[in-house]
Amino acid sequence: TDYFNYEFYNKSLKERGKYAVVHTQDKFYQLVNDPKYKKTFTVKPNFLREFSQYAGREWVYPDGDNFEEYEAFLSRNDTFMVKPIDGLGGGGIYKSSLQEIGDQREFYQKLISERMFLEEVIRQCSEMASLNPSSVNTIRVMTHNIDDHPTIFFSSVRVGNGNTVVDNFHSGGMSAVVDCDTGIVTGAALDKSMRRFEQHPVTGVTFKGFQIPDWEQVKQMVWAACRMHPEMTVIGWDVSITDKGPILIEGNRRPGFDMVQMLDNQGEKHVLKEIEARFRASQKQKQPVTG
């Protein structure tokens, strides 16, 4: 995967050595993120419950004992998103409706057996919808929090290709780098097949110069969310912008660095090494003095 993602067949050994490959990332996340808290992030209902103040939508996870809660959710949402409770990369997500599911009790049992849950459909703001109206277009904001100093070190906008309801890079979507300070897109978008798009192929919107709305609110939200779990040093937050402001879609405890390096077209292992060095220095200072 690394070989093709980063086009190592066109790069020298020295250039390849600058990339944070899968093995490098695994060792990094094992060090900086406490695995005891992984289910808070990997199990989507856990995340929505934990970060409910930033979720901005209702949801229901059928568990066999909450059919009335499930019925009440459907009474308020005639269309909804169906999601796996612990899926990756946008896989298994689809949009459905009361008309499509038929028998509600049968569908309830199906959700239980397939470990799926339901979410209210997110209504993104008009500015974000202008990029591609068929998907909720999100921003990936990567943060590290060392010594209670949350910092954004990478951000990108993720946009659907016009053929799916998800914007994920690994599900056919495209992504473009966003300036961490200003929230302005800095260049063309790229998809997983390494195709570059100056403009969206369906809507024609130009990526470079696009201003992510409510950027200051986005920064404040992820900084506050970071502080809720300081034991997780590095998190990749997925953010949507609604008419009421930004909301959190999910938090990734092991955010992939492939998108970062593919968009920059260069190895960024030094970024992880710098975070690791700061993390180790902080941990050393916290150790009790003996003697």
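Visitor: Is Tyr9 buried, partly exposed or exposed?
Guide: Buried means under 20% relative accessible area, exposed means over 50%, and partly exposed lies in between (1.4 Å probe, protein chains only). Tyr9 has a relative accessible area of 40%, so Tyr9 is partly exposed. This is a predicted model, where local features need pLDDT of at least 70, side-chain atom pairs count only at pLDDT 80 or more, and totals for chains, interfaces and linings use all residues. Residues are numbered from 1 along each chain as its sequence is written, and side-chain values use heavy atoms, with hydrogens and water left out.

Visitor: Where is Tyr9 found?
Guide: Helices (H or I, at least four residues) and strands (E, at least two) are DSSP runs, numbered from the N terminus. Tyr9 is in the loop between α1 (2-5) and α2 (13-16).

Visitor: Which residues form a nonpolar patch on the surface?
Guide: Patch residues have over 30% relative accessible area and no salt bridge; nonpolar side chains (Val, Leu, Ile, Met, Phe, Trp, Tyr) are joined within 5 Å, like charges within 9 Å. A salt bridge is a side-chain nitrogen of Lys or Arg within 4 Å of a carboxyl oxygen of Asp or Glu. Here the patch is Tyr3, Phe4 and Tyr9, with about 340 Å² of accessible area together. Such areas come from the Shrake-Rupley method with a 1.4 Å probe; for residues, only the protein chains shown count as cover.

Visitor: How many helices and strands does the protein have?
Guide: The protein has 13 helices and eleven strands.

Visitor: What is the order of the open sheet of seven strands?
Guide: Strands of a sheet pair through backbone hydrogen bonds, either parallel or antiparallel. Two strands pair if DSSP finds at least two bridges between them. The order here is β9-β8-β7-β6-β5-β10-β11, with antiparallel pairing. β9 (196-197) and β11 (245-252) are the edge strands, each pairing on one side only. Inside the order, two bridges join β7 (residues 174-177) to β8 (residues 189-191). Met174 stands opposite Asp191 in β8.

Visitor: Why is strand β2 largely enclosed?
Guide: Five of the six residues of β2 (residues 79-84) are buried, so the rest of the structure largely encloses β2. β2 pairs with β3 (residues 94-97) over four bridges, in the antiparallel sense. Thr79 stands opposite Ser97 in β3. Five bridges join β2 to β4 (residues 116-120), also antiparallel. There, Pro84 stands opposite Met116.

Visitor: What about the whole protein?
Guide: Of its 291 residues, 51% count as buried. The protein exposes about 14400 Å², and carbon and sulfur atoms supply 48% of it.
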